[in-house]
Amino acid sequence: MVFDPKYLHIHLDLVGGIAGDMFIAAMLDTFDGLQADVLKSVATVLPPEQGSAVLSQGINSGISGLRFQLRPLPAEKTDADSHPHSHAKDSHHHTTYKYLCEYLQKSALDPEVVRVATELLTIVAKAEAKIHGTTLEEVHFHELADWDSLMDVVASASILVALSLSSWSISKLPLGGGLVQTQHGLIPVPAPATSEILIGFDFFDDGIQGERITPTGAAILRYLWNNELITQPQQGVLQATGYGLGTKVFSGMPNILRGMAFDKQTTTSEQQDTVVLIEFDVDDMTSEELALSVDLLRTYQGVVDVVVQTARGKKNRTVEVVRILASPEHYQNVIDYCFLQTTTIGLRYRFETRRFLKRDLLEIDGDNYKSVTRPDGSQTLKIEHDQLSSIATLQKRRIKQNKIAPF
């Protein structure tokens with residue numbers, strides 16, 4: 001698939017759950033043009049005697065997709081071809097967070113891939129440090145101790161860098177259940193580190209037992225959240241789908257992670273995105289109080305627009321209806337700010353898709369104009385409002401405003 005990341009919205013449907021290898025396989029099935037670069041990144045850090053990364057077709061409960069795995073070398077070849085790094089997998093020292101970060105820094109990987117891979121490692125390490133009551137420097141990975149797990153981190157980072165301009169959304173997370181075997185013995189699912197990483201995410205219980213989300217899978221989701229890449233699902237033209245297969249087989253459900261790629265671009269003059277519409281009523285603030293609060297809301301991060309309308313409420317009392325458009329990335333902070341800046345004790349919000357015309361700024365005869373290209377190719381211009389503030393009368397302002405191209 002040929003794509004422009006800035007016009008892409010990617011939805012992750014966690015049917016079976018998410019692990020590092022499932023994420024990689026789903027994305028490389030959806031975006032096959034990324035396969036060569038991702039495999040090259042893995043080969044850069046994977047010692048030859050450990051084997052090689054492979055993509056293979058497979059089926060899980062009737063659904064066809066890709067698997068991403070480490071293919072080890074034959075035993076006789078491994079014995080014959082020793083390598084300076086061959087002991088690293090078995091060395092306690094070489095499973096530390098500090099060592100793995102230094103190993104990545106010294107590699108020939110693209111610096112941006114190193115940065116993202118290190119961030120993924122740090123997410124897991126901070127959770128491990130908290131769970132085990134230790135420091136980052138003392139963290140010894142268990143889930144990330146093997147080369148195939150580090151391979152997952154690097155491949156995931158390579159994908160996240162390639163799609164860094166895209167927006168993402170995720171389904172609710174499957175809870176799973178039961179116990180999983182670790183180096184600490186049997187522990188409940190989700191594993192403690194996974195649970196720590198995913199604080200604040202929505203879960204649901206579909207009744208399917210087992211580990212549904214691994215620490216690496218959780219770190220990928222947390223990375224998307226921390227970098228404000230996760231939004232609500234957006235409408236658009238579905239361009240491609242892909243399936244990453246898990247290794248387990250569940251009863252009555254395929255163990256898959258589905259990727260769905262949507263094209264948000266409409267025409268060259270139109271754009272589309274998702275906004276959050278926040279509404280509430282106020283009937284116990286003075287005009288001066290509300291005016292100041294609205295000014296503060298209008299300049300708050302993530303606010304696209306604010307409109308206030310007068311209406312009639314209970315007992316025919318006059319109320320002010322405040323309507324705010326906010327970005328999906330910041331809407332929760334905007335909601336908190338509404339409660340801090342107004343007297344409202346309840347509000348409503350919903351996600352809506354909007355289409356709008358792209359605006360460009362032009363300078364004509366020393367004045368700034370907004371230029372808009374309409375769907376039929378025609379162009380309209382409107383002078384910036386600030387350009388009119390120094391003109392003394394309405395008549396002169398209208399003459400100035402209509403000088404180029406009146407609406």
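# Close-up views of the predicted model

**View 1. Cys-101 counts as buried, with a relative accessibility of 11%.** Buried here means under 20% relative accessible area, exposed means over 50%, and partly exposed lies in between, calculated with a 1.4 Å probe on protein chains only. Cys-338 is likewise buried, its relative accessible area being 0%. The count of disulfides comes to zero, where a disulfide is defined as a pair of cysteine sulfur atoms within 2.5 Å. The model is a predicted one, in which local features need pLDDT of at least 70 and side-chain atom pairs count only at pLDDT 80 or more, whereas totals for chains, interfaces and linings use all residues. Residues are numbered from 1 along each chain as its sequence is written, and side-chain values use heavy atoms, with hydrogens and water left out.

**View 2. The whole chain is shown for orientation, with its 11 helices and 17 strands.** Helices (H or I, at least four residues) and strands (E, at least two) are DSSP runs numbered from the N terminus. Along the principal axes, the C-alpha atoms fill a box of roughly 90 × 50 × 45 Å. Of the 407 residues in the chain, 45% are buried. Among contacts with a separation of 6 or more, 67% are made by residues 24 or more positions apart, a contact being heavy atoms within 4.5 Å.

**View 3. Strand E10 (residues 256-263) is largely enclosed by the rest of the structure, because six of its eight residues are buried.** Strand E1 (residues 8-13) runs antiparallel to E10 and is joined to it by six bridges, two strands being taken as paired if DSSP finds at least two bridges between them. Within this pairing, Leu-12 has Gly-259 in E10 as its bridge partner.

**View 4. Helix H1 (residues 20-30) is largely enclosed by the rest of the structure, since 10 of its 11 residues are buried.** The buried residues of H1 include Phe-23, Ile-24, Met-27 and Leu-28. Leaving out residues up to four places away in sequence, Met-27 touches Ile-10, Leu-12, Ile-159, Leu-163, Trp-168 and Gly-259. In the largest nonpolar core, which has 71 residues, the members that touch the most others are Leu-12, Phe-23, Met-27, Leu-163, Trp-168 and Leu-221. Helix H5 (residues 111-132) gives the most to this core, with 11 residues. A nonpolar core is a set of buried Ala, Val, Leu, Ile, Met, Phe, Trp, Tyr and Cys residues joined through side-chain atoms within 4.5 Å. A second, separate core has 19 residues, among them Phe-280, Val-303, Val-322 and Ile-324.

**View 5. The second largest pocket has a volume of about 600 Å³.** Of the 24 residues in its lining, Trp-225, Ile-230, Gln-232, Tyr-331 and Gln-332 are the closest to the centre of the pocket. Strand E4 (167-170), helix H8 (215-226) and helix H10 (331-341) are the elements that give two or more residues to this lining. On a 1 Å grid over the protein atoms alone, a pocket is an open set of points where a 1.4 Å probe fits, with protein on both sides within 12 Å along at least five of seven lines, and lining residues have an atom within 4 Å of a point. Grid points are joined across faces, edges and corners, and the volume is the space filled by probe spheres set on them.

**View 6. Ser-169 lies in strand E4 and is buried, with a relative accessible area of 0%.** Its contacts, apart from neighbours within four places in sequence, are with His-9, Ile-10, His-11, Leu-12, Thr-231, Gln-232 and Pro-233.

**View 7. Strands E2 (residues 52-60) and E3 (residues 63-71) run antiparallel and are joined by nine bridges.** Ile-59 has Ser-64 in E3 as its bridge partner. The two strands form a hairpin with two residues between them, and Ser-61 in the turn has a positive phi of about 50 degrees.

**View 8. Leu-388 lies in the loop between strand E17 (379-383) and helix H11 (394-401).** Leu-388 is buried, with a relative accessible area of 7%. Not counting residues up to four places away in sequence, Leu-388 touches Ile-383, Arg-397, Lys-400 and Gln-401. The C-alpha atoms of Leu-388 and Gly-244 are separated by 57 Å, the two residues being 144 residues apart along the chain.
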